[in-house]
Amino acid sequence: MSLHRQLLQRQAEGRPIRVGLIGAGKFGSMYLAQVPRTPGMHVAAIADLSPEAACRNLARVGWPPERVCATSIDAALKDGTTHVGDDWKALVAHPAIDVVVECTGSPVHAVDHCLEAFAHRKHVVNVTVEADAFCGPWLAREAARAGVVYTLAFGDQPALICDLVDWARTCGFPVVAAGRGHKWLPHFSQSTPETVWGYYGLTPEQAARGGLNPKMFNSFLDGSKPSIESAAVANATGLEVPSTGLTYPPASIADIPFVTRPKGEGGHLEKKGMVEVISSLEADGRAIPYDIRMGVWVTVEGETDYIRHCFEEYNAHTDPSGRYFTLYKRWHLIGLEVGYSVASVALRGEATGVATCWNADVVATAKRDLAPGEMLDGEGGYTVWGKLQPAAASRAYRGEGGLPLGLAHQVKVVRPVAQGQMLSWNDVAIDTATRAYRVRREMEAAFAAAPEARR
C-alpha cells in the first residue's frame with residue numbers, strides 16, 4: 001500500500017500524523033509550504049527561537065493567519081490549526097505529537113532535541129545532518145532503545161543517496177560507489193563568508209537582497225557540507241571513505257561510471273564500495289556540461305556476462321567495459337521532500353537513512369594559521385572547514401582524536417594550528433558540559449572498547 005494511499009486513509013479516518021517542527025527557517029519553511037498540500041498530516045506545533053520570524057515565514061509560504069492562531073498545542077489539536085511558540089520541550093513532551101522534525105541547523109542543540117524526543121517516544125526526522133555526522137550511530141542506538149525511528153531527512157542529499165544504495169542492493173547489484181555532486185576546486189576549502197559570493201557569481205548586494213546566509217552557503221562551497229553528508233551516507237550504508245578525504249573527481253554525468261571504478265580498472269576509486277563526490281568543474285575551473293552538481297548517484301556492477309549483456313541490450317549507459325552502470329537523480333528538492341520521511345517513519349516505521357555503523361567522521365581543519373585564544377566558528381566560517389576521514393583514522397589522530405566539525409562552534413584554540421592541519425581535542429578548550437559533547441565521547445569510548453561493534 002503506497003504512502004500516499006495510507007495518508008488518504010488517515011485523513012478519511014480523521015487520524016492525521018501529528019507533527020512537531022523545531023526550527024522554521026529556510027529548510028523548515030520549504031517543508032511547511034508542502035504540508036497544506038499533503039493529506040493526512042497536521043503540523044500541530046512549531047517551536048522557534050523567534051515565533052514572530054516563524055510566523056513571517058509561514059505567511060511567506062502561503063499559510064493564512066487563521067491557521068497559526070492556536071494559543072496552545074491542545075487548541076491546535078482540537079481545531080486543526082498550528083501553535084507557534086518558543087518552547088521546544090513542551091513540543092516534544094506533548095503526548096499527541098507523533099513525529100518531531102528537527103530543523104534548527106544547530107548540531108549541539110539538535111542532539112538535545114533528538115534525545116528528548118526519544119525520551120518521550122517520538123519518531124525523529126533529523127534535518128540537521130551536522131549532528132548525525134558526529135554522533136549519528138549513537139542517536140540511532142538511543143532511538144532503537146526507545147522503540148522509535150530516527151532518520152535522515154528525505155530531500156536532503158544523504159537520504160536520497162541512501163535510497164539509491166538501497167535500490168541497488170535490493171535489486172542484487174553490488175554498490176561500487178555512491179555520492180553526490182558539488183562545485184569544487186581545492187582552494188574553495190579556504191573560502192570565508194566574505195569571499196563566498198564571488199564563487200557563486202553574486203555580489204554581496206545581490207546576496208543581501210535575497211536574504212542569503214553567507215555562512216550557510218560557504219559551508220557548501222568550502223567542502224564542509226559535502227564531507228558531512230558523505231559521512232552520514234557512509235555510516236548509514238556501510239560504504240567506506242577515501243583514506244585521505246574526498247577527492248572530487250571531475251566528471252559529467254556520462255562519465256560517472258567511467259570515473260567511479262577502482263584505479264586498477266582505469267577509474268578513480270581506491271577500491272570498490274566507497275563514498276565520493278563528483279565535481280562539476282574541471283581542474284582548470286571550466287564548467288562541465290551536463291553535470292551532477294545538484295544531484296545524487298550510485299554506481300553498480302554487472303557481475304555476469306548475462307547482466308552486462310542486458311545493460312547493452314537496453315542501452316544502459318555504462319563505462320567502456322560495459323561492467324559499471326550509474327543511476328542518478330540530477331536534482332534534489334530539499335525541504336519540499338521532507339514529508340516523505342515523515343510519512344515513512346509514521347506509517348511504515350522505516351527510516352529513510354539511519355546510521356548502522358561508524359565508518360566516517362568529519363574533522364575540523366584549519367583554513368589558515370590559528371593562534372591560541374582564537375575562537376572557532378564552525379562550518380562555513382572563517383576558521384575551519386570539515387575534512388572527511390575514516391572513523392578509525394579520526395579516533396587515532398595524533399593519539400588524541402580529531403575534533404568533530406559539529407563541535408567546533410564557539411570553541412577557543414589553545415595551541416597553534418597550521419593552515420591545512422586537522423585539529424585534535426587537545427587543540428581546543430571545549431565545553432564538556434553539553435550533552436552533545438558527552439554523547440560523542442560515550443560513542444568514542446564504546447567503539448574503542450568494542451571495535452568489532454563498528455558494523
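Which residues is leucine 376 in contact with, leaving aside its neighbours within four places in sequence? The legends below take that up first, and every view comes from a predicted model.

**View 1. Leucine 376 and the largest nonpolar core.** Leaving aside neighbours within four places in sequence, leucine 376 is in contact with Leu370, Thr383, Val384, Leu403, Ala408, His409, Gln410, Val411, Val413, Leu423 and Val428. One of those partners, Leu423, turns up again in the core list: of the 92 residues in the largest nonpolar core, Phe118, Leu376 and Leu423 touch the most other members. Helix 7 supplies the largest share of this core, with 10 residues. Another core lies apart from it and has 30 residues, including Leu3, Val43, Val338 and Val345.

View 2

**View 2. Strand 4 meets strand 5.** Strand 4 (residues 99–102) and strand 5 (residues 123–126) run parallel and are joined by 4 bridges. To find your way along the pair, look for valine 99 opposite histidine 123 of strand 5, then for glutamate 102 with its bridge partner asparagine 126. In a regular strand, side chains alternate between the two faces of the sheet. Strand 5 is covered on both faces: His123 and Val125 are buried on one side, and Val124 and Asn126 are buried on the other.

View 3. Helix 6 (residues 107–119) packs against helix 7 at an angle of about 5°, with the axes 10 Å apart. That angle makes the two helices roughly parallel. On the helix 6 side, the residues that meet helix 7 are Pro107, Ala110, Val111, Cys114, Leu115 and Phe118.

**View 4. Helix 7 crossing helix 17.** What angle do helix 7 and helix 17 (residues 435–449) cross at? Roughly 70°, with the axes coming within 9 Å. That makes helix 7 roughly perpendicular to helix 17. Helix 7 makes the contact through Phe134, Cys135, Pro137 and Trp138, while helix 17 brings Ala436, Val439, Arg440, Glu442, Met443, Ala446 and Phe447.

View 5. Threonine 326 sits in strand 10 (residues 324–329). Is threonine 326 buried or exposed? Its relative accessible area is 7%, so threonine 326 is buried. Its side chain makes a polar contact with the side chain of threonine 299 (2.8 Å). Not counting residues up to four places away in sequence, threonine 326 touches Ile256, Pro257, Thr260, Trp297, Val298, Thr299 and His317.

**View 6. Serine 191, in a loop.** Look for serine 191 in the loop between strand 7 (175–182) and helix 9 (196–200). Serine 191 counts as buried, at 2% relative accessibility. Again not counting residues up to four places away in sequence, serine 191 touches Val196, Tyr199, Asn218, Leu221, Asp222, Lys367 and Gly381.

Notes. Residues are numbered from 1 along each chain as its sequence is written. This is a predicted model: local features need pLDDT of at least 70, side-chain atom pairs count only at pLDDT 80 or more; totals for chains, interfaces and linings use all residues. Side-chain values use heavy atoms; hydrogens and water are left out. Two strands pair if DSSP finds at least two bridges between them. Buried means under 20% relative accessible area, exposed over 50%, partly exposed in between (1.4 Å probe, protein chains only). A polar contact is a pair of N or O atoms within 3.5 Å; within protein, one must be able to donate a hydrogen and the other to accept it, and residues adjacent in sequence count only if both atoms are side-chain atoms. Contact means heavy atoms within 4.5 Å. A nonpolar core is a set of buried Ala, Val, Leu, Ile, Met, Phe, Trp, Tyr and Cys residues joined through side-chain atoms within 4.5 Å. Axes are lines fitted to C-alpha atoms, for helices over the stretch in contact, and angles run from 0 to 180 degrees between N-to-C directions. Angles under 35 degrees count as roughly parallel, over 145 as roughly antiparallel, 65 to 115 as roughly perpendicular and the rest as oblique.
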